[in-house]
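Please keep the sequence and the coordinates at hand while reading.

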Amino acid sequence: MLDQLFQFLVTGITVGSLYALVGLGFALIYNASDVVNFAQGEFVMLGAMIAIALVGAGLPLVLAAIAATLLTIVAGLLLERFAIEPAKGASVVTTIIITIGAAIFLRGVALLLWGKDFHSLPPFSGEVPIQLGGATVLPQSLWVLGVTVLLVALVRAFFNRTLPGKALLACSFNRIAAQAVGINVRVMLRLAYGLSAGLGAIAGILIAPITFSSYEAGVMLGLKGFSAAIVGGIGNPMGAVAGGVLLGLLEALGAGLISSGYKDAIAFLFVLLVLFFSPTGLFGHKIAERV
Amino acid sequence: MTVLPVPTSGGAPLLAVEGLEQSFGGIMALAGISFQAPEGLIYAIIGPNGAGKTTLFNALCGFYQPSAGSIRFDGHELRGLPPYRIAALGMARTFQNLQLFFNMTVIENVMVGCHLRARTGLLAAALRLPSVRREEQRLRTWASEALELCDLTDRAEQPAGALPYGLMKRVEIARALAAKPRLLLLDEPAAGLNDTETLALRELITRIRASGVTVLLVEHHMPLVMGVSDQLLVLDYGSVLAEGTPAEIQADPRVVAAYLGGAVQYAV
Amino acid sequence: MRLAGFHVFAALVVLLAVLFPDNYFVTVVGASAGLHVILAVGLNLLMGYAGQISLGHAAFFGIGAYASAILTTRFGWPGLLAMATGLLAAGVIAWLLARPILRLRGHYLAMATLGFGIIIHVVMVQATRWTGGPDGLAGVPPLNLLGWSVEGDFQWYGVIMAAMLLAVWLSLNLVDSQAGRALRAVHGSEFAAQMMGVDTARAKTQVFVVSALFAAFAGSLFAHQQAFVSPDSFNLTISVELVTMVVLGGMASTFGAACGAIALTLLHQGLVVFEDYEMLIHGALLMAVMIFMPQGLFVGLSQGTRRVWRVLSRRRISLPSTDLTD
């Protein structure tokens, strides 16, 4: 029984790391622009699919991964430049619809290039499962965990120790004030999109050996990542990470202990419950209004 | 739907606040306020920034739940009631940060103000029953009356957001008046207005009093306050510093020291 | 005349049926558009007027559809009774959900409604014994309206168009009433609305329930028209489509929502010819419209037509410039 629990925990943290990375991407863009980028899941999908295609074309895994990440970052920057920037003054709802359009567009491109088939990547360091305690852990899971921890630490350092990172945070607290002190908000926005795309791509590449990727893979991942960001309190990057891990854990436990068919329902029920008890997420700022 | 209450007999003050305390976390914004506002007068509340004036207003309206004390309005205890029930008892207010409905025209804003005088519900509205049609007419008439009182008739069909700032503040007043309140709370109505607009405002407040509405006024503009008020309450650091007529307050050394300064004497 | 636009709309609907009674495009696509209009108009009351967002609206569409399907196929209930039950179910669920959910704001509200939509969808897929699982329920009997059994594309066009016109009429009435203004006031400023005596929590709940009822109504009609229901028609993509219709058409406008619904329905029809490129073009078009017409199609088109009209009329009444200087 304990072994089973441990197994669920391992699965949960693996999946949770994925959600954390995607959620981090949401939080970044939200911070820079108050917009939820519904194409975030598609960045994950693109990273995976491009890497798969490059490996299929003969490129070694490391090069394929790097190239895929870079290409996805370019996609993110292009999205910002050609879809978000022209609609600068639009309302938040309008911009959200634009990102939804972008998501559909990217899915359409993937469909065109790679069809409806499922693909996967070879695992980074072999398929031999490792025995950890009473649980079986795929080596790929360790990769997912390790890279996620590294990336989260890097992003944290970026926000706390570098000037561009602090400038990005400043944009989230008060955009007009940030502009007033000379922060180029447009550049910050582009940075945010590029960074989110990169994070998403890496997440996609990490998980591709474990799950099957297809043009639609980004949809549910994007949703779960969004949920992670919300549970953590949207706008709080570390909150998104915590939210992602929590979500992954609960989903794995729910799938294992209750029913795997209903696992998505359980995950979202958890999100709803969090929101009922904490309307601005677990670690989000309380919204105050002056009357 | 709600029915406006029948006023209690004269003699008792319209608003009686006793020992009102409001704390936010560790901060005591209101530290035991007591005062009485008689019916039919203009009662002003002044004091330096941070003294607790808007907090007091928000507590009176039900936006904040006071930690202690009592608020009796026309014989009813207000503590614990949500704002929409307090409004139904006959209180209306304007806001320091303009809270117009920018998604509607001027007259539509004021028609919302008539909400408590409307009777028809959602179903009747959806089916456009004759009662709804008649009510729309009535609401329009009432709203037009309120607009006329505030000199806004020619702006009725304009989107609320298209008006100059001073007029937007007046729309808020018209909207509050449309409910035919017994007590009108004006939260810094002169903020952002120039001298001409302030004079017009003074006239308007006097007209409002003449129509039988009691006015509670928070304001920084001393000439306006001293010129139009019947009674003043001075707040400082969440407590009552002094209470009296404009002449008494201007002469009170504590008030002069805390807020007014001695340089100018305002015409009473 | 207050309802001038409505009468023109109704006239168009009737005219199409008279002119093209056998045209697939009119009867089938038109019926599909009609259902979308009902959904979009209901959602618009919630989003455009009351300022709330719902990314799970397909759930109510599905509740109405499955109620009709399950009650008629598995229990043999008459169609109208099943529809009424579906409406009741949707209304009750919306009512229960409204209080806790509508306390939330912005993205949190979006998330909660999204989560709700997904939970309902998962139930549709998983509760196979009731819902038929991922394959859905077939064999939904024809809708019986007091003796008349609705069968065939043309009859369905008629029924759905009548339902659509009813929905549009109800929405127009609501918006132009004190109840509607109170709703818009909640969107404009909740504090001020409260001070006018509006019970904002109750108002938001009411509009949430009303929009759920519109959706469930469309759902019941859909179930009978298709004679089949499956979870694929009530997933997140559909919810997002509905929101897109409302925003595309221009929020806070009943005709805007109708416009958006019709446009998106036609778009999907038109794009089918592009096969593999359909999704790509759909996404690109969506982005383009929102970038260049951010206030929505309805406003954008009416502004565009006004501009064209001004240019045309200027050419007809150009004054000789010398008159004024002499």
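Q: What percentage of the 326 residues of chain C count as buried?
A: In this predicted model, a residue is called buried when its relative accessible area is under 20%. Applied to the 326 residues of chain C, that criterion gives a buried share of 56%.

Q: How many helices and strands are there in chain C, and what is its radius of gyration?
A: The secondary structure of chain C comprises 15 helices and 4 strands. For 326 residues the globule rule gives 20 Å, and the value for chain C is close to that, so the chain is as compact as a globular protein of that length. Along the principal axes, its C-alpha atoms fill a box of roughly 90 × 55 × 40 Å. The radius of gyration itself is 21 Å.

Q: In what order do the elements of chain A run from the N terminus on?
A: Chain A contains 11 helices and 2 strands. Read from the N terminus, the order of these elements is α-α-α-α-β-β-α-α-α-α-α-α-α.

Q: Why is chain A as compact as a globular protein of its length?
A: The comparison rests on the 291 residues of chain A, for which the globule rule gives 19 Å. The C-alpha trace spans about 55 × 45 × 35 Å along its principal axes, and buried residues make up 53% of the chain. Chain A is as compact as a globular protein of that length because its radius of gyration is close to the rule's value, at 19 Å.

Q: What distance separates the end C-alpha atoms of helix α3 of chain A?
A: Helix α3 of chain A covers residues 61-84, and at 1.5 Å a residue its 24 residues should span 34 Å.

Q: Which residues of chain C are in contact with B:Leu100?
A: B:Leu100 is placed in the loop between β6 (91-93) and α3 (106-113) of chain B, and its relative accessibility of 1% means that it counts as buried. Leaving aside neighbours within four places in sequence, its contacts in chain B include B:Asn109, B:Met168 and B:Arg175. From chain C, the residues in contact with B:Leu100 are C:Gly188 and C:Ser189.

Q: Is B:Leu177 buried or exposed, and what is its relative accessible area?
A: B:Leu177 lies in helix α6 (residues 165-177) of chain B. Not counting residues up to four places away in sequence, B:Leu177 touches B:Leu149, B:Cys150, B:Leu184 and B:Ile208. The C-alpha atoms of B:Leu177 and B:Leu147, which are 30 residues apart along the chain, are separated by 9.1 Å. B:Leu177 is buried, with a relative accessible area of 8%.

Technical notes
Residues are numbered from 1 along each chain as its sequence is written. Chains are lettered from A and ligands numbered from 1 in the order in which they are written. This is a predicted model: local features need pLDDT of at least 70, side-chain atom pairs count only at pLDDT 80 or more; totals for chains, interfaces and linings use all residues. Side-chain values use heavy atoms; hydrogens and water are left out. The radius of gyration is taken over C-alpha atoms; the globule rule is 2.2 Å times the number of residues to the power 0.38. Buried means under 20% relative accessible area, exposed over 50%, partly exposed in between (1.4 Å probe, protein chains only). The expected span of a helix is 1.5 Å times one less than its number of residues. Contact means heavy atoms within 4.5 Å.
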